[in-house]
Each structure stands twice: as C-alpha cells, then as structure tokens.
Protein chains: 2
Amino acid sequence: MTSIASAADARSAIEAANRTFMNAFGRGDAVTLAGLYSATAQLLPAHSDFVAGSMAIRHFWQGVMELGVTRALLETLEIETQGDIACETGRYTLRAGEEIADVGKYLVLWKRDGAAWKLHRDIWTTSRPVA
Amino acid sequence: MTSIASAADARSAIEAANRTFMNAFGRGDAVTLAGLYSATAQLLPAHSDFVAGSMAIRHFWQGVMELGVTRALLETLEIETQGDIACETGRYTLRAGEEIADVGKYLVLWKRDGAAWKLHRDIWTTSRPVA
C-alpha cells in the first residue's frame, strides 16, 4: 500500500506542477517555469544541444514566448514512478493566440526534491509532418 | 548496498542491450532491434505520432535502414534507476556509409522484464540546426 500511496502522491504532485507550468506559460512567466526544474535539469530540444541549468532553461522558454507562443497545454498520458523518480509520457499543444503553433508528445524524467517533484530531463517532438 | 548493486546491474544490462542494438542495426536486423523493446513499448519520433508495439517499431527501424542509415551509435551519458525502471540520457550518431546522417540526443525509459531490461519509451531529437 505504501508504494501505491507514493505513486498516487507522485502523480498528484506532477499534475499540480504541470498546472503551474501551464499557468506560468500563459502569463509569460519564464522565471516560474524555470523554478519547476531541478538545479541540474536539462532540456533536449530539437535543433539544439542540451540546454542545462536554470538560467539556460529560463532563457529557452523566454525565447519560445518571444516567438509568439502564448499557451502551452500539457496532457499527461502515463506516469511510471518508483522511489524518487518518475517518468511521464504526454501530449502537448502550443498556441500562438488563436492559432495552433505545434502539437506533439513528450517524455519527462521527474525527480523528487524533498516534498516537491521537479522536471529533471525534458524532451519533446513535434507530431506534425516535415514542413 | 542492495540498491547500489541493483543500479550497477541495471546499468550493465542496459549497456549490453545498447551494444546489441548497435550490432543489430549494423547488420540491418530490425527483428532483433524490435525484440529489445517491451511488448507495450512506444517510440516518440519527430514528425510522427507515437509508434506503438513490436511490429510497428520493427517497421519504423526497417524504414530508417531503407533510407540508407547503416549504423546507429549510442553513447550513454547517465542512467537514473530505481526498482524496475531506469531512465537513460545519451547521445546518438547515425551513419549512412561514410557520411554522418544525423547527430542528436535521446531519453529512454527502460523497464525490467525478469532478468532483462527492455526499452519502454524511446525519444530522440536531432542536434543539427534547422535545414
């Protein structure tokens, strides 16, 4: 029962962090977004090397917002968790005002940091055909 | 000590599976590649929806080989593991004969399946600039 309870705790903490992510993105708050990541987190974006650490992650998301993306919608499909790590599979939609800027899927490695769960590795791919 | 030993076991099983992956890729053996994935595995490739299940995964890698990719080189950077799950971060290089066809990075969720570790979620992004 303990491990089932922990898994449920992990899932609700991760879902809450994703809501914070979406809300922060919607108001253009890259500082809050970066704060959801671990101190040694990495993004693995396409057409880029690893983006490592809080400041680089903050600048990355700031840059996405400056390209005109106004909303990031995250839909968790599945979370595998054991102990202090969790791996989430999901779908995303990026909006630029009324337009859909991109749709795709993602994998996030989360790590427990005290009571909080933090994004530790974050990678996503567009599901759109090659332009 | 048990968890340290299990982590080392997970790491060596995953590194062995990656060597099998590279060898199978090098001889064009998509059947062996697909066998390294769990029964409910998913690829998350760019410009595609999820690729789910052994047959679809086999066809995906067969298609990559038919595009002229002759070698896939995997370099593990880091493995986070607890219990029956492990999350690997790494770099890849795809070769087409003497040419480098692509370089990038990946995140793989591995799951223990008895004594074996199987790829369960597999996602990668090119590190090359937009063409």
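## Sheet and interface

User: What makes β5(A) and β6(A) a strand pair?

Analyst: 10 bridges join β5(A) to β6(A), and the two run antiparallel. Two strands pair if DSSP finds at least two bridges between them, so these strands qualify. A strand is a DSSP run of E, at least two residues, numbered from the N terminus. This is a predicted model: local features need pLDDT of at least 70, side-chain atom pairs count only at pLDDT 80 or more, and totals for chains, interfaces and linings use all residues. Residues are numbered from 1 along each chain as its sequence is written, chains are lettered from A and ligands numbered from 1 in the order in which they are written, and side-chain values use heavy atoms, leaving out hydrogens and water.

User: Why are β2 and β3 of chain A said to stand at the edges?

Analyst: The open sheet of six strands runs β2-β1-β6-β5-β4-β3 in chain A, with mixed pairing. β2 (51-52) and β3 each have a single partner strand, so one side of each lacks a neighbour in the sheet.

User: Why is B:E80 with A:K111 called a salt bridge?

Analyst: Their side chains meet at 3.0 Å, N to O. The rule asks for a side-chain nitrogen of Lys or Arg within 4 Å of a carboxyl oxygen of Asp or Glu, so this pair passes. The interface of chain A and chain B holds six salt bridges by that rule.

User: What makes up the contact between the chains?

Analyst: Chain A and chain B each give 35 residues, contact meaning heavy atoms within 4.5 Å. About 2800 Å² is buried between them, 65% of it from carbon and sulfur atoms. Buried area is the accessible area (1.4 Å probe) that two parts lose on being put together, summed over both.

Note on methods. Helices (H or I, at least four residues) and strands (E, at least two) are DSSP runs, numbered from the N terminus.
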